[in-house]
Amino acid sequence: MKSTNNYWRLVRFAILLAVLYLLHKADLYSSVPERVAVPACFSGGNPSVLVTGAAGFIGMHTTISLYEHGFSVVGIDLFTDYYSVQLKQDRAKHIKQKTGINIMQLDIASTNQIARLCDLCRGFDYIVHLAAQPGVRFSVEYPEEAVDANISKFMSFLKTVVRSSPNQVRLIFASSSSVYGMNHKIPFAEEDKTDMPAAIYGATKKANELMVYAFYHLYDVSAIGLRFFTVYGPWGRPDMAVYTFAMKIAKQEQITINVDRDYNEFRRDFTFVDDITNGILSSIRYLNGTHEKVYEIFNLGTSDQHAVSDVIGALEVALDKKALTQKQIVGANGDIYATHASLDKSKRILNYSNNYFLTEGIRTFAEWFKIYHKITSSGEPAVMF
């Protein structure tokens, strides 16, 4: 009898080990952080938010900002190698240090895992979708990857969250100033034509807006699309202009300033990342205050333009080092010659305001840049990707 009892104890123990192993092999269990599973979704009655692309540049700042404003945040990211995975991991560590939140490594197209996550959290009060394959020039060279990440995977994600959510899906999603494409009317307003993309990236972002509108029309979905204008700031993307220029100045490498055939510099509406996160928070407040389904598109920018040389000049002051520059005439490479956001609609409906001037934003970025890259007394970065 005693040996029989021992036998069944061993059997139960073996079954338990097998179940634990299978759970460990499942993406959702192995990567769900302690604060994300039950505690984040159900703690204290705080509204819950799912942030995709949470280890990205804007995603990191958004996750921290939402947490600081009292939201229970679940963050997921695929940690792709489009640029430094180390930087993304460092952002995730920064989130953990600031908030206690761990970021799950999870693909938005992982239907079963996304469905289980929605079920675990009984649906999310809000979804902030920031995951994407970025890069205008990357999309010119690798259009299939941009379409797969930004359209196919996003469609899978939309379908899954709509089917898995017991209540209305309230979605804020990232669009881009790139949707304005070859539109030459300045400033860009939300009602302008956006059917002439200059690159596949802009086309995918326009497709996102149309896809979400179809879901809004067909299902119980309220949505806000935010067209971001050239975002920069601490923890930024190393492939973007401000970060690239800073690295070249630190290493004393030459910066090529692209100009058009009339020798005019490219001009951008450079937007500090904190203004973007404030716009996302304002979008959540707007959705929370509406009683009917809504679908809206808003610009988030500064309603100002700066030439590339203005940014380089501000970086020279902030880094206390001169830049080496040369100008180069470029043809069609997917980049728009000028971007400039009209903020009339954003200010009127979202009460949006931009609070950072370029010099202040560049100075804040440069302070982080020098610390993160351990800039030596000679001005050389000690930490490289």
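Which residues in α4 meet which residues in α5? The legends below take up this contact and then other parts of the structure, which is a predicted model.

**View 1. The contact between helix α4 and helix α5.** On the α4 side, F57, M60, T63, I64, Y67 and E68 take part, and they meet R91, H94, I95, K98 and T99 on the α5 side. The two helices, α4 with residues 57-68 and α5 with residues 85-99, have axes that come within 10 Å and cross at roughly 5°. Because angles under 35 degrees count as roughly parallel, α4 is described as roughly parallel to α5. Sorted by class, the residues of this contact are five nonpolar, three polar and three charged.

View 2. The strands follow the order β3-β2-β1-β4-β5-β6-β11, and their pairing is parallel. At the edges stand β3 (104-105) and β11 (295-300), and because each has a single partner strand, one side of each is left without a neighbour in the sheet. Strand β2, residues 72-77, runs parallel to β3 and is joined to β3 by two bridges, and M104 in β3 is the bridge partner of I76. Helix α4 packs on this sheet, where α4 touches β1 (48-52), β2, β4 (126-129) and β6 (221-228), and the direction of α4 makes about 170° with that of β1.

View 3. On one side, β4 runs parallel to β1, the two being joined by four bridges, and I127 in β4 is the bridge partner of L50. Strand β5, residues 169-176, also runs parallel to β4 and is joined to β4 by three bridges, with V128 standing opposite I172 of β5.

**View 4. Strand β6 and its pairing with β5.** Strands β5 and β6 pair in the parallel sense over eight bridges, and for A174 the bridge partner in β6 is L226. Eight of the eight residues of β6 are buried. This cover extends to both faces of the strand, with V221, A223, G225 and R227 on one side and S222, I224, L226 and F228 on the other.

**View 5. The aromatic pair of Y82 and F138.** A search of the whole structure finds 24 aromatic pairs, and one of them is formed by Y82 and F138, whose rings lie 5.0 Å apart centre to centre with 75° between the planes, an edge-to-face arrangement. Since Y82 lies in the loop between β2 and α5 and F138 in helix α7 (residues 136-141), the pair ties together parts that are 56 residues apart in sequence. The relative accessibility of Y82 is 22%, so Y82 counts as partly exposed, whereas F138, with a relative accessible area of 17%, is buried.

**View 6. An aromatic cluster, with the chain as a whole.** One aromatic cluster is formed by W235, Y243, F365, W368, F369 and Y372. The chain that holds these residues has 14 helices and 13 strands, and 53% of its 385 residues count as buried. Among contacts in the chain between residues at least 6 apart in sequence, 83% join residues that are at least 24 apart.

Definitions and conventions:
Residues are numbered from 1 along each chain as its sequence is written. This is a predicted model: local features need pLDDT of at least 70, side-chain atom pairs count only at pLDDT 80 or more; totals for chains, interfaces and linings use all residues. Side-chain values use heavy atoms; hydrogens and water are left out. Axes are lines fitted to C-alpha atoms, for helices over the stretch in contact, and angles run from 0 to 180 degrees between N-to-C directions. Angles under 35 degrees count as roughly parallel, over 145 as roughly antiparallel, 65 to 115 as roughly perpendicular and the rest as oblique. Contact means heavy atoms within 4.5 Å. Ala, Val, Leu, Ile, Met, Phe, Trp, Tyr, Cys and Pro count as nonpolar, Asp, Glu, Lys and Arg as charged, and the others, Gly among them, as polar. Two strands pair if DSSP finds at least two bridges between them. Rings of Phe, Tyr and Trp (its six-membered ring) pair if their centres lie within 6.5 Å; planes under 30 degrees apart count as stacked, over 60 as edge-to-face and the rest as tilted. Buried means under 20% relative accessible area, exposed over 50%, partly exposed in between (1.4 Å probe, protein chains only).
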